[in-house]
Amino acid sequence: MSRRGLILFLVLGVAWGIPYALIKIAVTELSPEMIVLSRAAIGALILIPLAAGRGEIRAVLARWRPLLAYTVIEIILPWFFLTTAEQRLPSSTAGLLLAAVPLVSVGAAIVLRRSERFTLTNWIGIVVGMLGVAALVGFDVAGSDLIAVAQIAVTVLGYATAPITVAKWLGDVPGIGLAGLSLGITAIVYVPAVVLTHSWPTAVPSVPVIGSVLVLAVVCSAVAFVVLFALIAEVGPVRATAITYVNPAVAIIVGAILLREQVTVWTIVGFVLVIAGSWLVTRRGASPRTRSVVGGARKAPVQHDEKHDDNADSDEHPRERV
């Protein structure tokens with residue numbers, strides 16, 4: 001990896017590893033609906049003008065049906081359920097559970113692409129990863145928080161299936177335009193949600209909460225998408241998905257330092273097993289079409305250049321996400 005690629009990789013690892021702690025801070029004073037609305041609206045205000053200046057809006061709107069589907073399963077539902085779950089779960093635990101996305105992606109590939117085959121290594125990865133999730137849920141999460149775990153499961157399912165929508169219908173659309181319009185649609189949806197649930201803040205939020213929302217919107221959403229596209233151009237889409245293995249570590253460290261969250265033995269065990277399982281699941285050996293939907297952190301697709309992909313060690317389409 002080049003020096004530029006390494007810098008982009010580290011920046012993105014931090015940008016997608018800190019949202020969990022920031023959400024944990026924000027939910028102390030703001031409702032999940034208000035947090036999602038604020039984050040999406042600010043991110044859209046940054047990305048949509050940028051996409052318009054690049055002439056990317058029309059191409060994305062031409063695929064409005066898959067755009068809506070992608071927005072629902074990638075942002076509208078996952079962000080709400082993740083934010084709601086963090087009212088009860090430690091931020092580090094939420095980050096670790098979301099590291100199971102590649103494992104669920106394999107299940108989705110099996111269901112939707114029945115002809116695909118997986119190697120023994122891939123299957124071992126599934127077992128190891130699921131043991132890690134079991135360790136986190138069974139030993140690191142209190143029984144009263146199982147509802148929050150179920151909410152995280154909805155988020156994981158959305159993050160795991162959104163790339164299939166991208167691969168089928170949105171793989172060739174401009175990435176920044178897709179990200180900006182998805183955030184804009186999310187903001188529009190959450191305006192009535194906030195009004196109907198009376199979720200507007202009754203007082204001006206504290207400085208830490210306002211700062212957390214701004215960082216979520218600007219750094220973890222808008223800037224992160226731009227960095228992702230630059231990283232993919234530098235190292236290829238498959239290598240860019242390795243960011244999945246960095247995010248949980250950042251989430252644990254930030255949660256422990258910023259929020260003084262306890263790091264238990266089972267946190268470490270779960271972390272090692274989930275990351276090891278995800279790594280084994282995404283190893284080369286599954287067929288090319290399967291690898292295109294397995295792996296990676298969350299984030300958004302980009303417009304692909306066929307010649308570039310052919311010269312990138314058979315790199316496949318990238319993932320979305322956070």
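User: In this predicted model, where does Arg260 lie, and what makes Arg260 count as exposed?

Analyst: Arg260 lies in the loop between α13 (247–258) and α14. Its relative accessible area is 73%, and exposed means over 50%, so Arg260 is called exposed. Arg260 also has a positive phi of about 55° although it is not a glycine.

User: Why is the packing of α5 against α10 called oblique?

Analyst: Helix α5 (residues 64–85) and helix α10 (residues 175–196) pack at an angle of about 60°, with their axes 9 Å apart. Roughly parallel needs an angle under 35 degrees and roughly perpendicular one of 65 to 115, so α5 is oblique to α10. The residues of this contact divide into 13 nonpolar, three polar and no charged, and among them are Trp79 and Phe80 in α5 and Val189 and Tyr190 in α10.

User: What makes α8 and α14 roughly antiparallel?

Analyst: The axes of helix α8 (residues 120–139) and helix α14 (residues 265–281) cross at roughly 160° and come within 7 Å. Angles over 145 degrees count as roughly antiparallel, and α8 and α14 are therefore described that way. By class, their contact has 15 nonpolar, eight polar and no charged residues, and α8 passes α14 in a left-handed crossing.

Definitions and conventions. Residues are numbered from 1 along each chain as its sequence is written. This is a predicted model: local features need pLDDT of at least 70, side-chain atom pairs count only at pLDDT 80 or more; totals for chains, interfaces and linings use all residues. Side-chain values use heavy atoms; hydrogens and water are left out. Axes are lines fitted to C-alpha atoms, for helices over the stretch in contact, and angles run from 0 to 180 degrees between N-to-C directions. Helices (H or I, at least four residues) and strands (E, at least two) are DSSP runs, numbered from the N terminus. Contact means heavy atoms within 4.5 Å. Ala, Val, Leu, Ile, Met, Phe, Trp, Tyr, Cys and Pro count as nonpolar, Asp, Glu, Lys and Arg as charged, and the others, Gly among them, as polar. A crossing is left-handed if the near helix is turned anticlockwise from the far one by less than a right angle, and right-handed if clockwise. Buried means under 20% relative accessible area, exposed over 50%, partly exposed in between (1.4 Å probe, protein chains only).
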